[in-house]
Every structure is written in C-alpha cells, then in structure tokens.
Amino acid sequence: MKIALLGYGKMGKAIEAVAEERGHSIGVTIDDEDDWMDKLEDLKDCDMAIDFSTPATAVGNIMRCFDLGLPVVVGTTGWYEQLEGVVHDCEQRECALFVASNFSIGMNIVFDLNRRLAKLMNGHEEYSVGITEVHHVHKLDAPSGTAIALARDIVEEVDRKDDWCLMRKGVKPKKDEVPIVSVREGEVPGVHEVVYDSAIDRITLKHEAKSRRGLAVGAVLAAEFLEGRKGYYTMKELLEL
C-alpha cells in the first residue's frame with residue numbers, strides 16, 4: 001500500500017518505519033493546512049491514510065479522506081464526542097474508517113481482561129475502583145482515550161458505577177463515578193492501571209508501553225485489515241475479541 005500519514009510527529013515517524021518494514025511506502029506526509037493544499041495530488045495517489053494528528057484536526061482530516069474516497073485509520077483521541085456522527089457519515093457514504101483509542105495489541109488484550117474483571121467485581125461492593133494513566137508531556141488530551149475506554153467498560157459492567165470523572169485538585173468523585181487520575185511527565189509512552197481496592201486487599205490490572213512501536217505496529221495492521229473493506233471497524237474486529 002501507499003500510505004498517507006496525517007500528522008508527522010513522533011508517532012507518524014514510528015508508523016513510517018513499521019510500514020516500510022512491512023513492505024508499504026509512504027506516499028505523503030501532511031502536518032498542517034498548507035500541506036493539505038500543496039500535497040493534495042500526492043494524497044489522491046495514496047491507498048490508505050493513517051491519522052495521528054491532534055484532537056482539533058482529526059475530524060476535519062477524516063472528512064477530507066471521505067471526500068477523496070480514501071480509507072482512514074485514526075489513532076488520534078480527544079474527539080470522540082463526535083464519533084457517532086462521523087460513523088454515521090462513514091456508513092451513509094460507504095467509506096472506510098478504523099478507530100482505536102489504543103493500537104497496542106497488548107493493551108487491547110487488557111481491554112478484554114478489564115471487561116471480564118469488571119463482571120467478576122460487580123457483586124463485590126466492598127471494593128472501590130479507579131484508573132490512573134501516565135503519558136508524556138506532549139499529549140494534548142486528558143484523560144487519555146484509553147483510560148476513558150477502560151472506564152466506560154467498567155461502567156457498563158459494574159452496576160454501582162454510572163459514569164467516570166477526571167480527578168482534579170479539590171474534586172471528590174461521586175460514589176457512582178469511576179475516578180481517573182491523569183499524569184503528564186517526561187517522555188512516558190503510556191501507562192494504564194485499573195485498581196480495585198478494599199480494606200483487606202488490592203487487585204491491579206496494568207499495562208505499560210515500552211515505546212511507541214507497539215502502537216505503530218497495531219496501526220499498520222489496522223491499515224492492512226481495512227484495505228478493500230467498507231464501513232466502521234475497531235480493534236475488536238481486527239483481533240476477533
């Protein structure tokens with residue numbers, strides 16, 4: 001495939017390296033509005049787009065890909081309040097879209113374990129539950145899309161929880177909320193930890209990314225999966241979870 005990279009920061013460069021290792025080529029990199037104007041013809045010559053841009057630009061990038069009939073894999077988070085409308089537009093226009101809050105294979109296995117653990121903990125009200133996520137200082141959204149996905153799955157399975165909340169100084173979570181603590185420090189690729197805590201013990205489910213490569217591999221696998229397909233897909237379909 002000839003791939004367009006929408007967002008050419010550290011993740012974009014990691015995806016470029018993995019894509020070329022797997023026999024693909026990078027047809028164009030787009031990093032700002034000028035690139036959209038200057039490189040449009042190169043973009044039209046691509047088979048697939050992979051977006052790791054910013055929360056503010058992701059939806060616009062997706063819609064431009066739809067206009068070109070270009071399948072798009074999206075790893076950018078922080079825009080999911082618009083996801084339902086974007087998916088509807090994708091299906092109405094018979095386009096192709098793959099969205100994941102985290103492309104790490106290991107993290108997606110943890111998503112599945114998180115759902116199973118939440119089911120088991122549903123009847124044990126003596127346990128509180130919370131999430132902590134740590135990322136590099138360049139990450140623009142907080143909490144991470146991965147932490148939100150973890151929290152939503154807990155809310156879905158645990159009857160005593162109805163929503164999640166971002167912990168801030170002076171904020172105390174409501175009894176029915178799953179608190180998320182977000183930390184931004186250094187160049188941390190990503191740590192996510194779900195903790196069930198009681199007076200007698202603690203259960204911890206943790207995933208720690210060692211580098212961006214795991215995300216890049218998953219994103220390229222998603223692009224390979226999306227090739228030739230129409231509709232909306234996630235890591236559940238790719239990994240058959």
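**Notes on salt bridges and a helix pair**

1. The structure holds 16 salt bridges.

2. Before going further, please keep in mind that this is a predicted model, where local features need pLDDT of at least 70, side-chain atom pairs count only at pLDDT 80 or more, and totals for chains, interfaces and linings use all residues. Residues are numbered from 1 along each chain as its sequence is written, and side-chain values use heavy atoms, with hydrogens and water left out.

3. Helices are DSSP runs of H or I with at least four residues, strands are runs of E with at least two, and both are numbered from the N terminus. Arg115 and Asp112 are both buried; buried means under 20% relative accessible area, exposed means over 50%, and partly exposed is in between (1.4 Å probe, protein chains only).

4. Another salt bridge joins Lys10 and Glu187, with the closest N and O atoms 3.2 Å apart. Lys10 belongs to helix α1 (residues 10-21) and Glu187 to the loop between β8 (177-184) and β9 (191-197), so this pair ties together parts 177 residues apart in sequence. Lys10 is partly exposed at 47% relative accessibility, and Glu187 is partly exposed too, at 41%.

5. Asp35 and Lys39 form a salt bridge as well, their closest N and O atoms being 3.7 Å apart. Asp35 is buried, with a relative accessible area of 14%, whereas Lys39 is partly exposed at 24%.

6. Now have a look at helix α4 (residues 58-68) and helix α5 (residues 83-92), whose axes come within 11 Å and cross at roughly 5 degrees. The axes are lines fitted to C-alpha atoms over the stretch in contact, and angles run from 0 to 180 degrees between N-to-C directions. The two helices are therefore roughly parallel to each other, a label for angles under 35 degrees.

7. Which residues of α4 and α5 make the contact? From α4 come Val59, Ile62, Met63 and Phe66, and from α5 come Val86, Asp89 and Cys90, where contact means heavy atoms within 4.5 Å. By class, this contact has six nonpolar residues, no polar ones and one charged.

Key:
Angles under 35 degrees count as roughly parallel, over 145 as roughly antiparallel, 65 to 115 as roughly perpendicular and the rest as oblique. Ala, Val, Leu, Ile, Met, Phe, Trp, Tyr, Cys and Pro count as nonpolar, Asp, Glu, Lys and Arg as charged, and the others, Gly among them, as polar. A salt bridge is a side-chain nitrogen of Lys or Arg within 4 Å of a carboxyl oxygen of Asp or Glu.
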